[in-house]
Structure formats: structure tokens, C-alpha cells
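Me: I'm new to reading protein structures. Could you go through this one with me, one question at a time?

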Amino acid sequence: MSDLDAQTIAYARDTMLPPAPPPRREAGAVRWVRENLFSGPLNIILTLLALWLLWAALRDVLPWAFRGIWRADSVSECRTIRNELYGEGVSAACWGVIRSRWQQLVFGFYPSSELWRPPLALIVFLLAILPVLFANLPRRLLWLAPAAPFAIVWLLWGGPIWGPVAAALGFVLAWVVWKALASRGLLVAFLGALVVSVLYWAFLARPLAAALTSILPLGLTPVRSADFGGFTLSIVIGLSGISLSLPLGVLLALARRSEMFIISKIAVIYIEVIRGVPLIVWLLVAQVLLNYFLPRGTNFDILLRVIIMVTLFAAAYIAEVIRGGLAALPRGQYEAADALGLGYWQAMQLIVLPQALKISIPGIVNSFIGLFKDTTLVSIISLFDPMRMSSTIRATTEWGGIYWELYIFVAAVFFVFCFAMSRYSIWLEQRLERSHR
Amino acid sequence: MTIAAEPPRRAFRPGQLLYDTRYRGITIQVVALILLVALIAFLVRNLVVNLHALGKDFDFGFLGNRAGYDIGQTLIPYTNNDSHARAALVGILNTLLVAGLGCVTATVLGVLAGVLRLSKNWIVSRLMTVYVEAFRNVPLLLWIVLVYAVLSEATPAPTAFRGEDAEASKLFGLIAFTNRGTYIPSLVWGEGASTLGVVLVLSILAALVWRAFARRRQEATGQPLPVLWVSLALLVLPFALTFLLLGAPLTLDVPTIRETGIARFNGGINVLNSLVALWIALALYTGAFIAEIVRGGILAVSRGQSEAAFALGLRPGRTMRLVILPQALRVIIPPLISQYLNLTKNSSLAVAVGYADVRATLGGVTMNQTGRELESILLLGLFYLVVSLIISGVMNIYNRRIALKER
């Protein structure tokens, strides 16, 4: 052993080598580039292809966008400025169209003096919905939610304040009757509340609103639905469709999974028929066909008809998403609820739906994004959504022939909204995931 | 003396219909049915009253009348003297054409983008992320109009193809992209072309038989036979031989520009820009969704599977083909079906660029000309419903076959 020791020691170094930096090509940016961009022949080809694609796409677009002219009131003015700045024939964007037609693109034909109302309505909506979206906000904010729809309708369409107030009173009345009769059985309470509120809306609400208006004429300038346009229209249709279709979708999903034969078949037929036919055709139905099916002489607002149609349409899609969530829930959960002696609605409300909805959040948000994007289809039945608004602007003498600037603006706004929604869904998914463990 | 008494048999009381869970279900269903029937009766009554008041009836006879309008792009012969029914058929075929083209292209794009998004190559995966997010978050209608604008604004006019040193040139000398539509070569069937078709069908059959034989032999003996090369040879060689023997019976009619007079292309097929725009936009849009589905499907296969395949000595290509893809497909197929359905339904946006699909003929011009809104929309809805049900039915059968292989 000692021999071996002596031999090894003879070769041993008695000083530490100073730490050497890794080889040049194995460190820092060079290494990253080698590993991520040029690791093999296929990757080299792909990288070069991607770079070429980027260059081809951006070579003309970027200079065009950055040369863009913001301060101009017509295409011809744009051209004059461009010729002064860059010379004839140089391509330059004319962003001036967005600056000068900003109001139409965002608000449509909403009266200029009332432009504060749509944003305020949006803020009210967000305030009402925030405590639902973010669970760490104080729960007391939830009390805003029931009042919000009335406030939003009043802000958007205007008119005397007493109309929405009188309508809201019907719900208060129903709630009071429900509470008073609750001890006599759920069904009695439900029927009582239904009858009282329907009678109130049918006979009392209108005279009451009229009387209150004559006593205290408080109100906003009424705005016609035809004046809604641009992104205001998209957001009004989108958000009302979203908030109305969710409860309807939940009910449809429950009905489809119900053990009652007739109920589940009705739900199946409804869902499949709605999903089998494109939204455009349904919008066509709302535009030209709905009047055939309503009592003679009824002719209500096209915007309202579109909102109803969009809601009915989205509900079918959301029902399918939620059905997936309900199916993914382990059977034990249903059985445990039964074992605890919970009734159907109690089991659904306390045990099944909270979990099923949690599972289906990504799908629900995807349907919402789809619904919001689909609001552009109303341009085909001649409502002035951003797409139609841009063609209208293009048809004016000042802005004839402006294509890309308007499309890019509309696309960018939609992208911001939809991207935000999808990020929110990812965030929510991760947060709920953690709370499981 | 028995302690256990018979359960009390009380007479049926009406209250049980509400409070006894044995009967409540029936009550609810009966009430729902009554409400539904009442609703339908209400709607139908209104319909009858309204139609009567407007002096209209419910009659599909208008389909036989002369349509009287022209359609730019038709797959079957059609003139404005044909009936509304034929115009509707032209529209239906146009819808199916763009849907079929779109589905194939979208699948290719989507699989490519989905796989590349998982690539280790940073630039490529970022580029694919940008593509997917851009198309998923911007309305389809906008993409269709945008692609249409690109096609009609950024492509040369037919005059640019004139002369010896023309400004614009045809792609591969065959395809001309102009702002008046894309001109593609057409196939001309010469003498004996049908023999060629027979030969092609026979070689396809032979390739399939060879494939089945090779598989059976591999299962029996473990000896693999070359499938790809033999199939390719079976497909190409007989076809090429007959082609040469018969003296080239199949020729391409390449579009050529007229050098004088109105700038038009002679020969070939003119594919309207509306069709191309719709096709490209639908394919790119749906491709972005399919990319996400493919990515999710591949990620759903656990890492251990590919590691096990590598441990068995399979090369990456075979690992993908034999291990990962079959398992990923099970996750991918169901949402893929619904994407195909979505694409078919989205093709109704054709109206934005003036492509004559069924929505534009039956649900557009025909409806406006005849004033038969009810009948037209009913037929239109029925068509889409039938297509949806057929696609989802076929795909469900396929899906069941794939799913059966599960334990």
C-alpha cells in the first residue's frame, strides 16, 4: 500500500489550479445560440427559414408603420405630408384615420355629448364582476352585482331613471314574497314570487314609472340602439351575451344530464340544433324570421334581438363545455352528496357545480373569446360593428382607399381583449390547481 | 304475533305528485312537455297569422322557378336560366369545396405549427406562438377581409404578365396570381386518358395489397418488408409507363395572357380571389386552433413513453410514428372533429368577400328575390345541420375505433 501511496503522491499536485472559465463556445450567448438555433442540420435550416420569413414579412411593413403619419385629416393631406417628409412614392402608413375617426370606431354614432356613458357603464360592469373574478376582493362588493344590470341599461340607453328602478322593484318584490312564503315549502314560495312579480311587471311597473317620472323627472338623454356602433356595440353584445349565456348554459347542461327522459331529450335537441347551424344563419333568423313567430305588431329592437340570439347560441356551446366538466367529476362526489341527504338543487349548488365549473373554466373562457370575436358577424346584418364602421369610413371621400390602417387597428383592439381573457383563464387555472393540493 | 307490520298502504294523494320523489320526476316532465307544446303552438299560431296577414304561403315551389342571376364560380354547369334549386346546389357544392380544401390545408398547417411550437429551436417556436396567438385572438371575419385585400391590392394586374420581359411572372411558369383571381392550369383529357385512370386505380389497389401482405408477414415472422418504396414504385412506375406508351394523353392547359386587346388569360381555370381568400383565411385560422390541439395531444403523452421507446432502441422518427402519435391521436381526434365542423360552419362568412356559397345563393340572392325567407332559411339551416350531423357521425365512428384500443 505504501508503495502505491508513494507513487500516487509523486503524481499529486500540491497547489489548486485556478478555476478556468468554460470554453468560449460552451458559455453565454454563444452556447445558447448553438443549442437553441443551430444544434443540427434540420434546426439550421429551420432557423434560416424562420429568419428569412421574418425578414420577408417585416422588411416592408415595419418602415411603412414607423413612417406613419398621425396628424392628417384626409388621405390627400396624408400624401402631401408624406411627399414633404419622405419624397414621392415612399410607402407610409396613414394613422391619421384612427386619430380623426377615433370616436366613430369606438362609440359609433353615440351622441357626442354623452360619450362618458358607455365607459361608465363598462366601469360599473367591471366593478360588479371583479369580486366574482378575483376571490381575494372583499365579499361585500358582491352586493353591487344585482343592481349593476339596471344601472348599465339605464346608462347606455338613457331615458328616465324610474323605468329601470320600477323594473328592479319587481325583483325586490319577488324576493320579499319568497322570504315570506319560504316556510310553506319551496314550490309555494317559488310560485308565489313568480305570480306576484309577473303581475307587478304586467300591470303596476309601467304606471308606477310614469307616475314617478312626472313627480321627479330625473333622467338621461335617451339613445337609440341604431346609434350604437364601433367597439361599444361589440362590447355591449359580447358582455351581455357572456353574462346571460352562462346561467342558461349551466341549466342546459344539467338538463342534458338529467335522468328525466323528456327533459334531457329537449336539451339534447336544442343543443345539437343550435350548434349544427352557423351563427350567421341564426343572426339571419333574428333579422328576418323572428317577426314571423311573434304576435302580430310586435317589433322590437334589432340590437335586443341580436343579443337574445347570441345568448341562445352561446348557451348551447357553454352547455357542452359544462357537460364535460360534470362528466369529469368522479361519481363518488354525486354519491356522497346523496349520502348526506342533500336534495338535487342543494347537491348541485354545494357539491357538484363548484367543482364542475372549476374544471370547465378554460373551455368557458374559450367560448367567451369565441363569442366576443363572433360579434363582428353582426356587420353582415348591417349593424355598425368595428368592421362595418371601417368600411363606412373607407367609403367617405376623405378616407377612400384606406385599408390596412383600419384593419390593423381593429385587429389590435380585438387581440388585446381576447389575449387578456385567455391569460386570465390560464392564471385562474393555475390558481385553482394550487388550491387543490 | 308479528312485529314487522305491513308498510302502510295509503291511498294516493295528489300532494305526492309534488313531494314524493317517486312521482315528482313525472310531474316535472309532464309540465315541461305541456309548456313546450304550448310554446310551439304559440309560435306556429303566430306564424300562420303573420303569413296570412302578409298574403304568403308555405310552399317550396319557388325552387323550380328560374333563378335569373349569375354565379361567378361554379363547379357544375349553371346559367341564369337554371332554377333556384340548381343555384342552391351550386352554392352547396361551393361550400363543400371550400370546406374540404380548408380542412385539408388547416390540418397540414396545424400539425406543422403544433409540432414546431414544441421545437427546441427558439426562433421557430416563438414564431409559431405568434402565429397561433395572432389567429386565435382576432376575429375570422377580419382575417378573411384582410387576406382578400392583400390578394386584390398586393397582386399584379393581368397586364403585368404581358410582353417579353413582363413585370410579373407565373409561379413555376404555371400559376398566375393576379388581382382578378388566380389562374391555374387545367387538365385536358385526351385519347386514352381513361386507361390511365384504370391503371392508377389498379396501382393503388396493388399498393394496399402489398401493405397488408407486408404487415401480415411482419406479424408472423418479425421480418419487415419495405413498404414505402415499393408502394411508391407501384404507384409511379405503371402510371409513367402507360403515360409514355399512350403518347401523353393527359396534358396541362397552362393559362397564357392575351398580348393584345383586353388583358385576359386564355386557357386554364380562373379561381376567383374570393375563393382563394376564404380558403387561405379559413385554413390559417383553423390551423391555429388545430396547432393548439396537436400540441396539447403530444404533451398529454407522458415522457416515460418516449423514454421507453428510446430504451427499446427505436429511432426518433419511429418513436413519434409508433409510440407517441397513436396515443396522442386519441386526445387529438375529438377536438379536431369539432374544428372541422367549425370550419364548415365558418365558411358561411363567404358572404363578406362575395364568394357564392350556399348562404350567398340560397340564403342571399334567392331569398331576397323570391321573398321566401322562411323556406330559404329553413333549407339553409337544414343543410348545415345535416352536414354537421354527418361529419360528427363519421368522426365518432372513427373515434370509437381508435378509443377501442385502450385497455
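Me: Let's start with the sheet in chain B. In what order do its strands come?
Reply: Keep in mind that this is a predicted model. The sheet is open, has three strands, and its pairing is antiparallel. The strand order in chain B is β1-β2-β7.

Me: Which strands of that sheet in chain B stand at the edges?
Reply: Look at the partners: two strands of the sheet have a single partner strand each, so one side of each is left without a neighbour in the sheet. Those edge strands of chain B are β1 and β7.

Me: Which residue in β7(B) does Y183(B) stand opposite?
Reply: Y183(B), in β2(B), is the bridge partner of A176(B). β2(B) is also joined to β7(B), residues 269-271, by three bridges, and these two strands run antiparallel. In β7(B), the residue opposite Y183(B) is N270(B).

Me: Is the crossing of α10(A) and α11(A) left-handed or right-handed?
Reply: The axes of these helices cross at roughly 125°. As for the hand, the crossing of α10(A) and α11(A) is left-handed.

Me: How many residues of the contact of α10(A) with α11(A) are nonpolar?
Reply: From α10(A) come L252(A), A255(A) and R256(A), and they meet residues of α11(A) including I263(A), S264(A) and Y270(A). Sorted by type, one residue of the contact is polar, one is charged, and the nonpolar ones number eight.

Me: Back to chain B. How far apart are the end C-alpha atoms of residues 21-44?
Reply: UniProt, in an unreviewed entry, lists residues 21-44 of chain B among the places with the feature "transmembrane region". In the model, this span is 100% helix and 0% strand. Its end C-alpha atoms are apart by 35 Å.

Me: And what percentage of residues 128-151 of chain B is helix?
Reply: This span is another one of those that UniProt's unreviewed entry gives as "transmembrane region". Its end C-alpha atoms lie 23 Å apart, it is 0% strand, and its helix share is 88%.

Terms used:
Residues are numbered from 1 along each chain as its sequence is written. Chains are lettered from A and ligands numbered from 1 in the order in which they are written. This is a predicted model: local features need pLDDT of at least 70, side-chain atom pairs count only at pLDDT 80 or more; totals for chains, interfaces and linings use all residues. Two strands pair if DSSP finds at least two bridges between them. Helices (H or I, at least four residues) and strands (E, at least two) are DSSP runs, numbered from the N terminus. Axes are lines fitted to C-alpha atoms, for helices over the stretch in contact, and angles run from 0 to 180 degrees between N-to-C directions. A crossing is left-handed if the near helix is turned anticlockwise from the far one by less than a right angle, and right-handed if clockwise. Two residues are in contact if their C-beta atoms, placed from the backbone, lie within 7 Å. Ala, Val, Leu, Ile, Met, Phe, Trp, Tyr, Cys and Pro count as nonpolar, Asp, Glu, Lys and Arg as charged, and the others, Gly among them, as polar. UniProt positions are given in the numbering used here, feature names are shortened, and annotations may be inferred rather than shown by experiment.
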